Amino acid sequence: MADTLKKTLDPQLNRRGFIKGCTMAAAALGLSETMVPKLVEAATSAQRPPVVWLHFQECTGCTETLLRASHPDLARLLLDVISLDYHETVMAAAGHQAEQLLHDTIKNHEGKFLLIVEGGIPLAEDGIYCKIAGKTAKDILAEVAPKSAAVIAIGACAAFGGIQAAKPNPTGAVGVRDLVTDKPVINISGCPFNPISLLGTILHYLTFNRLPELDSLGRPLFAYGRRIHDHCERRAHFDEGRFVEQFGDDFHKQGYCLYKVGCKGPETFANCPSVRFNNVDVWPVSVGHGCVGCTEPNFWDTMTPFYDRLPNVSIPATGIVEDADSVGRKVLGVTAAAIGIHAAVGVGKRLVKGKGKSEE
Amino acid sequence: MSERIVIDPVTRIEGHLKIEVEINNGVVTDAWSSGTLFRGIETILKGREPEEAWLLTQRLCGVCTYIHGVSSVRSVENALGLSVPQNARLVRNLLTGGLYVHDHPVHFYHLSALDWVDIVSALSASPAATESLAYSLSPNAPAIDFAATQVDLRSFVDSGKLGPFAGGYWGHSAYTLSPEENLLFAAHYLHALRQQVKAGRMHAIFGGKNPHVQSLRVGGVTCKDEITSSRISQFRNILNEMRHFIDTIYLPDVQHLATAYPDWAGIGGFKNYLAFGEFQMSDSDPGELFLPCGVIMNKNIDQIEDVMLGQINEHVQHSWYEGNTARYPQNGETVPNYTGYDTADRYSWLKAPRYNGQPMEVGPLARVLVAYGLGQPQVVAAVDQFLNAANLTIADMHSTMGRAAARAIETKVIADQMGAWLDQLKRGATAMVSTSIPATASGFGLNEAPRGALGHWINIEGGKIGNYQMVVPSTWNLGPRCASGDRGPVEEALIGTPVVDAEKPIEILRIVHSYDPCIACAVHVTDNDRDSHYIVKAV
Ligand code: SF4
């Protein structure tokens with residue numbers, strides 16, 4: 001396969017990481033390998049569709065994820081694949097010039113640019129909790145989204161409101177789909193998302209001129225169609241009833257299933273166990289921590305407490321259905337809590353000294 | 001003549017920030033820094049489990065990912081009186097170190113370099129002359145094809161789609177580098193973009209992913225099984241490649257920039273510094289730190305004082321929060337009350353933390369000056385070498401350029417130390433102690449984020465989070481005036497700055513960016529016609 005590609009395609013493209021990237025994307029998209037040249041062609045067409053990336057209530061973790069993309073890396077993505085016309089974290093322009101660019105892009109590419117939104121949109125008190133250039137996030141979205149070709153809501157915040165929307169949602173934060181109803185909105189959820197899911201979506205869009213198939217929550221099926229639990233390397237332990245009972249115990253050391261210490265894999269849909277992260281073959285479960293369900297709507301409320309087991313999960317080996325009532329925090333024997341609280345800690349060779357005598 | 005200009009959004013930062021300055025005869029005479037985003041995380045934390053707070057607080061910032069997680073875990077460990085096993089301490093040091101090694105070069109090349117480097121000018125450079133320049137600055141640097149970079153840039157520009165390079169202040173008289181210098185930095189901008197992808201992998205190896213690692217836990221780390229020979233050597237390979245990058249590209253570039261813009265070693269400085277210190281060196285004494293803590297007042301690095309936490313108060317007189325009582329963070333309140341943008345009254349979502357009533361700069365420069373003043377040997381050596389090479393003195397460090405220098409210096413010092421922590425990791429050793437949350441307790445977790453001193457304060461009530469307050473670096477640096485009306489550090493640092501062209505206030509961006517703001521917003525320049533006695537210009 002790789003040989004065929006090398007013959008049919010410019011070796012320059014290979015060096016730039018496109019063949020690898022498009023092969024990975026084709027696999028992620030569930031496309032046949034014969035589609036790879038088509039993806040490469042679309043990715044390098046020199047059309048470079050304009051992209052506007054807006055930031056609202058967010059932590060910039062999704063932008064950092066974009067920075068971490070490889071095959072192709074961001075440099076090639078910017079130089080060859082897309083034209084990133086507005087992105088506040090990387091753009092040279094500031095202030096007035098930045099605003100001008102936004103307006104120009106919208107005007108000159110009306111109906112053609114791809115809008116990517118990072119961050120939730122606060123609606124409480126008329127949106128005063130997030131203002132850019134004197135305008136609320138809500139107004140900016142209402143101005144830009146209708147003129148786009150399609151909207152990608154990137155990450156948990158833009159997709160479903162994210163952490164700021166967690167109870168009691170003090171700023172009234174919502175996701176893009178709650179506001180934009182007259183344009184296709186695709187949710188690439190996750191906190192943050194996996195770069196391959198974004199790349200796959202963009203390549204699909206460039207190659208077929210339409211968005212990939214979505215699930216009922218607006219997520220592309222190619223990335224969110226499979227349950228974490230069904231593709232987890234610890235699944236055999238789950239099936240045999242071998243569980244970590246508490247963090248750091250012998251079972252944890254054996255790499256047993258993390259269900260009882262809170263893993264949300266049984267109710268979470270994402271490609272983490274198969275595509276993994278950062279090209280070093282890792283994901284949360286591989287480093288001994290349960291899945292927290294970050295691709296699911298409102299997971300900050302529906303998946304918490306994160307370290308308690310999910311109720312109503314059937315365990316094959318025993319056939320027991322755990323119900324919510326039996327979920328309880330285990331009392332773990334530790335003496336540390338009995339030790340007095342010291343507000344004074346030494347820092348460096350010197351001392352950061354605590355507040356009052358009462359706390360000393 | 002007096003005029004006011006507003007930059008909103010300020011771009012190439014994390015978060016949403018607006019900067020307003022008053023300019024008289026081409027010099028900044030007053031300044032206001034306004035955070036325009038509020039997310040309410042403190043409120044959301046109330047009533048949740050103390051052990052899972054770290055997963056939420058990590059989402060404060062995806063740029064300084066991890067660090068808010070570890071502060072939170074430490075605050076609970078402090079409340080419980082726990083100390084963590086050696087492997088956990090070392091993994092945490094490696095994760096924190098990995099963050100610095102990733103984040104500082106990204107700040108230099110991708111967030112701040114475009115304030116100094118004219119990308120368009122790079123098109124007229126001679127690639128051959130650029131190559132000799134690169135060789136003269138750093139003979140051991142990895143070979144870079146400057147001609148190819150120029151071709152890439154040219155086809156980029158010729159396509160008419162400049163992407164992120166559109167709308168810059170290109171051609172501004174404040175850009176004084178030669179075309180070859182500009183091409184060199186442009187090529188390194190792209191090189192560093194690839195390098196940071198690899199740096200992020202150090203985090204992923206022991207953290208499961210980056211950004212937002214998932215291997216922390218109150219009592220230690222969960223990644224015990226990943227502490228294997230192959231993972232350690234994988235980590236070490238990336239680390240060594242990063243060290244080579246730091247020594248042969250990043251540090252020489254910052255040194256060269258300092259030489260090329262000597263004036264900026266005298267502009268944009270501040271005087272008071274606060275560092276909590278970081279990198280625990282001992283399992284028995286959490287106070288033994290690789291980079292020490294300390295307080296510097298009035299630039300006096302010969303007299304470094306202890307940090308007294310009780311001296312920290314957060315003011316809200318000029319912020320959009322209820323009341324005007326300055327409070328110690330443990331008893332802090334975060335009750336939003338937006339009253340409109342008014343520089344004479346309340347104008348920011350940031351609070352104004354003060355130490356002993358004084359505004360304090362936190363961050364790389366604070367850490368480096370405290371360590372230098374206390375004679376930390378690796379820091380002293382790296383600072384002296386830098387100053388020598390850039391033909392500067394220690395007094396020049398209190399400046400915009402000093403911040404860029406301190407960032408590069410500490411990146412080197414930390415990266416050079418990380419190999420020792422890798423060596424000390426013990427395969428198979430325990431990495432976690434078990435915990436149980438008491439009904440009532442309180443604690444704090446201190447830390448150094450890449451952007452500066454960071455503190456989390458937790459009160460546990462009924463086994464749940466009763467109150468949770470955070471004082472973050474950008475609040476120290478970019479917060480508004482305090483109750484007595486004194487400006488915050490960035491506001492003060494802007495005073496006296498010459499601005500050649502108020503339409504293109506690049507000088508202001510240089511200073512603001514030197515603090516590496518992390519507010520999760522951007523700055524745009526807007527109209528402000530509220531003050532009729534000023535001529536207000538939209539920049
Ligand atoms: S519960 Fe979690 S750790 Fe266990 S098999 Fe399912 S996804 Fe894997």
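How much area is buried between chain B and chain A, and what share of it do carbon and sulfur atoms give? The buried area, meaning the accessible area (1.4 Å probe) that two parts lose on being put together, summed over both, comes to about 9,200 Å², and carbon and sulfur atoms give 58% of that. This is a predicted model, in which local features need pLDDT of at least 70 and side-chain atom pairs count only at pLDDT 80 or more, while totals for chains, interfaces and linings use all residues. Residues are numbered from 1 along each chain as its sequence is written, chains are lettered from A in the order in which they are written, and side-chain values use heavy atoms, with hydrogens and water left out.

Counting contacts (heavy atoms within 4.5 Å), 120 residues of chain B touch 104 residues of chain A. There is one salt bridge across this interface, taken as a side-chain nitrogen of Lys or Arg within 4 Å of a carboxyl oxygen of Asp or Glu. Asp301(A) pairs with Arg48(B) in a salt bridge, with the closest N and O atoms 2.7 Å apart.

Turning to the cavities, a cavity here is a set of points, on a 1 Å grid over the protein atoms alone, where a 1.4 Å probe fits but cannot get out; lining residues have an atom within 4 Å of a point. The second largest cavity is lined by 22 residues, and those nearest its centre are Ala270(A), Cys272(A), Phe277(A), Cys294(A) and Thr295(A).

Technical notes:
On a 1 Å grid over the protein atoms alone, a cavity is a set of points where a 1.4 Å probe fits but cannot get out, and a pocket is an open set with protein on both sides within 12 Å along at least five of seven lines; lining residues have an atom within 4 Å of a point.
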